Amino acid sequence: LYLTLSYEEAATYLGNSVVALNNENLYSMWIESLVFSSQFEAAELALKEFKSGNNPYGNATLQALISRMKSEQLLAQGDITGGTAELILYRNYLQEAINANPAVAIPYIRLAKSLLNEYRLTQNKSLLEESLEVVELGSKQIEDQVQFAVIRADVLQADGQLHRAVDRLEQFLGKHPEA
């Protein structure tokens with residue numbers, strides 16, 4: 001059910017499995033199913049129980065998922081204040097995930113992309129500057145991810161650093177010609 005994107009039904013069965021097996025992977029899938037079926041309160045309660053496990057990166061990414069989905073739903077409903085507050089929480093949890101495991105590319109990519117998307121909407125230069133900081137930090141930690149190379153180029157281009165963006169892409173393609 002989880003793989004077929006039947007999240008509401010999957011959440012029911014996964015909840016029962018988690019109780020019986022106490023498996024970390026099932027717990028994550030259960031929380032994701034709750035989130036994707038807009039059961040945010042249940043997901044947050046499940047995450048509180050799950051946090052007893054010692055996985056700061058996993059906890060931060062699951063909390064980020066909850067905040068991102070809540071933000072999207074609130075913004076779609078026209079609640080700009082609530083949506084923006086959840087968006088800030090989303091970014092804070094992504095930063096928490098980066099701090100917990102700096103070698104994983106996904107939080108860098110999602111954080112830089114989120115900041116860049118909002119910058120494009122608002123033209124708030126501080127968001128672009130923050131996105132630049134994220135890609136610079138990510139450049140020091142990870143280099144071999146295609147998605148990271150693309151978002152870094154997008155951020156540099158948005159900042160008017162077209163030559164630097166092209167140079168970084170050339171360097172990346174030199175190291176990874178199959179990309």
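Predicted model: local features only at pLDDT ≥ 70, side-chain atom pairs only at ≥ 80, totals over all residues.
**Entry 1: helix 6 and helix 7**

I began with two helices that follow each other in the chain. Helix 6 covers residues 105-122, and helix 7 covers residues 125-141. I looked up the angle and the distance, since two packed helices are described by the angle between their axes and the distance between the axes. Here the axes come within 8 Å and cross at roughly 160 degrees. Angles over 145 degrees count as roughly antiparallel. Helix 6 and helix 7 are therefore roughly antiparallel to each other. I noted the hand of their crossing as left-handed.

Next I listed who meets whom. From helix 6 I wrote down Tyr-108, Leu-111, Ala-112, Leu-115, Leu-116, Glu-118, Tyr-119 and Thr-122. On the helix 7 side, the residues include Leu-127, Leu-128, Val-134, Val-135 and Leu-137. Sorted by class, the contact of helix 6 with helix 7 has 11 nonpolar, 4 polar and 3 charged residues.

**Entry 2: the loop between them**

I then checked Gln-123, which is in the loop between helix 6 and helix 7. Its phi is near 60 degrees, a positive value in a residue other than glycine. I marked this because most residues other than glycine have a negative phi.

Ser-38 also has phi near 60 degrees, again positive and again not in a glycine. I found Ser-38 in the loop between helix 2 (24-36) and helix 3 (40-50). Ser-38 is partly exposed, with a relative accessible area of 38%.

**Entry 3: helix 8 and helix 9**

How do the axes of helix 8 and helix 9 cross? I looked at residues 146-158 for helix 8 and residues 162-175 for helix 9. The axes come within 7 Å, and the crossing is at roughly 165 degrees. That angle makes helix 8 roughly antiparallel to helix 9. Their crossing is left-handed. Helix 8 brings Val-146, Ala-149, Arg-152, Ala-153, Leu-156 and Gln-157 to the contact. Helix 9 brings Leu-162, Arg-164, Ala-165, Arg-168, Leu-169 and Phe-172. I sorted the contact of helix 8 with helix 9 by class and got 8 nonpolar, 1 polar and 3 charged residues.

**Entry 4: the cores**

Which residues have the most contacts inside the largest nonpolar core? I wrote down Tyr-108, Leu-111, Leu-116, Val-134, Phe-148, Ile-151 and Val-155. This core has 26 residues. Helix 5, helix 6, helix 7 and helix 8 each supply at least two of its residues. Helix 6 gives the most, with 8 residues.

I followed up on Ile-151. Leaving out residues up to four places away in sequence, Ile-151 touches Ile-109, Ala-112, Lys-113 and Leu-116. Another core lies apart from the largest one. I counted 21 residues there, among them Ala-11, Leu-26, Tyr-27 and Phe-40.

**Entry 5: one arginine, one leucine**

Is Arg-91 buried or exposed? I found this arginine in helix 5 (residues 80-100). Arg-91 is buried, with a relative accessible area of 9%; the cut-off for buried is under 20%. Arg-91 touches Leu-111, Ser-114, Leu-115, Glu-118 and Leu-127, not counting residues up to four places away in sequence.

I ended with Leu-3, in the segment before helix 1 (7-21). Leu-3 is exposed, with a relative accessible area of 78%. I also looked up how far Leu-3 is from Ala-64, which is 61 residues away along the chain. Their C-alpha atoms are separated by 21 Å.

Key
Residues numbered from 1 in each chain as written. Heavy atoms only, no water. Axes fitted to C-alpha atoms, helices over the stretch in contact; angles between N-to-C directions. Helix = DSSP H or I, 4+ residues; strand = E, 2+ residues; numbered from the N terminus. Parallel < 35°, antiparallel > 145°, perpendicular 65-115°, else oblique. Left-handed = near helix turned anticlockwise from the far one by under 90°. Contact = heavy atoms within 4.5 Å. Nonpolar A, V, L, I, M, F, W, Y, C, P; charged D, E, K, R; others polar. Buried < 20%, exposed > 50% of the residue type's maximum accessible area, 1.4 Å probe, protein only. Core = buried A, V, L, I, M, F, W, Y, C linked by side-chain atoms within 4.5 Å.
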